[in-house]
Amino acid sequence: LLANIPQSLNTSFGAPPHDSDMDQYSGFIQDDWRVGSHLMLNLGLRYDYYGVVKVRPTTPVEVEIVNFEAPTDLRKLDFGALRDPLRPYEPDGNNFGPRAGFAWTVDEHERMVVRGGVGYLFSPHLAATVRHSAANPYIPFRIVYNRTEVAARNIKWPLYTDESRVFALADAGGRRSVFSLFDPNIQVPYTIQSMVSVQRSFARTMAAEVSYLRTDGNDFPLQRQFTQAFDRQTGVRPNPALGAPGGYYVDSSQTMVYNGLQTSLRKRFSDRYSWEVNYTLAKSEATQGGNLSAYYIASFENNQDFWDPEFDRGPASNDVRHRLNGSFIYELPGISG
């Protein structure tokens with residue numbers, strides 16, 4: 001501090017005013033079939049097409065999403081040619097989601113029912129996940145210099161945004177500058193939802209249920225922090241020509257899994273009251289919290305190793321091992337008149 005040797009410089013320039021849009025088309029077909037008097041089948045198929053988030057300035061100041069073709073080696077960060085700012089990544093039209101389910105009434109008195117099903121569900125890229133890289137093409141949303149880069153530029157404290165802007169323009173050298181980059185073939189996230197449950201009634205108003213649920217999440221956005229992509233010994237980045245991007249490299253390599261055992265005991269409303277008790281035993285883990293959001297609204301910590309995101313695999317952000325809740329309703333007697 002006394003020698004005025006900064007450890008890092010983090011400057012956020014922000015983004016000029018802009019708007020965005022994305023095309024999305026979906027359709028589904030589904031029907032039920034009764035097989036005998038005790039079995040009901042449900043089959044369906046859904047299709048989703050997700051276009052590309054397109055950003056346009058709303059003032060004379062330029063705004064665009066800067067993205068490059070995929071690198072030949074991510075460890076070298078040797079990204080390819082500049083992509084069209086209105087097509088920073090490819091649309092995803094290969095999203096067919098089948099689903100199937102059944103309900104089987106086990107006994108003649110219809111006191112026990114077994115239900116189950118499985119389905120594929122696709123989600124669009126949230127606009128914020130892509131739009132956070134929108135900025136002036138020559139001045140990125142944010143730059144972050146580490147100690148080695150600070151020393152090379154002889155940066156001292158204090159340094160204000162207008163002064164830091166000079167370094168950002170010099171790094172760009174007339175080329176498009178980078179905040180965040182995307183895998184141009186990034187896939188939309190999807191989950192495989194599966195469940196099986198047994199429901200049993202007791203007398204006229206009591207019912208118990210035990211269910212097993214599983215969610216497998218695939219192609220979730222993984223956001224690798226560019227500030228972690230440097231040599232730990234020298235502080236040098238693999239590709240200095242990329243500048244000092246303060247954002248993320250986003251691809252679709254995050255996965256998550258949820259397993260839950262859900263139980264409930266319910267009394268239907270009668271004699272002026274009802275109640276229920278529910279208990280869930282569950283476990284959920286993911287590569288990076290299991291979020292679909294952009295980094296600034298997601299509930300995960302930054303990754304420790306840019307090139308080994310599985311190193312941080314652990315409980316998802318919504319992981320709750322035990323959950324017990326209940327409710328009770330009592331209707332007061334009416335007042336005559």
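Which backbone nitrogen lies 3.0 Å from a polar atom of the side chain of Asp 92?

A: The model is predicted, and the account below should be read accordingly. The backbone nitrogen in question belongs to Val 188, which lies 3.0 Å from a polar atom of the Asp 92 side chain. Asp 92 itself sits in the loop that runs between strand E6 (64-65) and strand E7 (96-105). Asp 92 is buried, yet has no salt bridge. The nearest side chain of opposite charge is that of Arg 87, which is 11 Å away.

Strand E6, at one end of this loop, contains Glu 64. Glu 64 counts as buried because its relative accessibility is 10%. Its side chain is joined to that of Arg 176 by a polar contact of 2.8 Å. Apart from neighbours within four places in sequence, Glu 64 is in contact with Arg 176, Pro 85, Ser 133, Ala 134, Ala 135 and Pro 137.

The structure holds two cavities of 30 Å³ or more, and the largest cavity has about 60 Å³ of space. Ser 133, Ala 135 and Pro 137 are among the residues that line the largest cavity. Its lining also includes Val 66, Asn 136, Pro 140, Phe 141 and Ser 177, together with Val 178, Phe 179 and Ser 180.

Technical notes: Residues numbered from 1 in each chain as written. Predicted model: local features only at pLDDT ≥ 70, side-chain atom pairs only at ≥ 80, totals over all residues. Heavy atoms only, no water. Helix = DSSP H or I, 4+ residues; strand = E, 2+ residues; numbered from the N terminus. Buried < 20%, exposed > 50% of the residue type's maximum accessible area, 1.4 Å probe, protein only. Lys, Arg positive; Asp, Glu negative; His and termini not counted. Salt bridge = Lys/Arg side-chain N within 4 Å of Asp/Glu carboxyl O. Polar contact = N/O pair within 3.5 Å; in protein donor to acceptor, adjacent residues only side chain to side chain. 1 Å grid on protein atoms, 1.4 Å probe; cavity = no way out; pocket = protein on both sides within 12 Å on 5 of 7 lines; lining within 4 Å. Points joined across faces, edges and corners; volume = space filled by probe spheres on them. Contact = heavy atoms within 4.5 Å.
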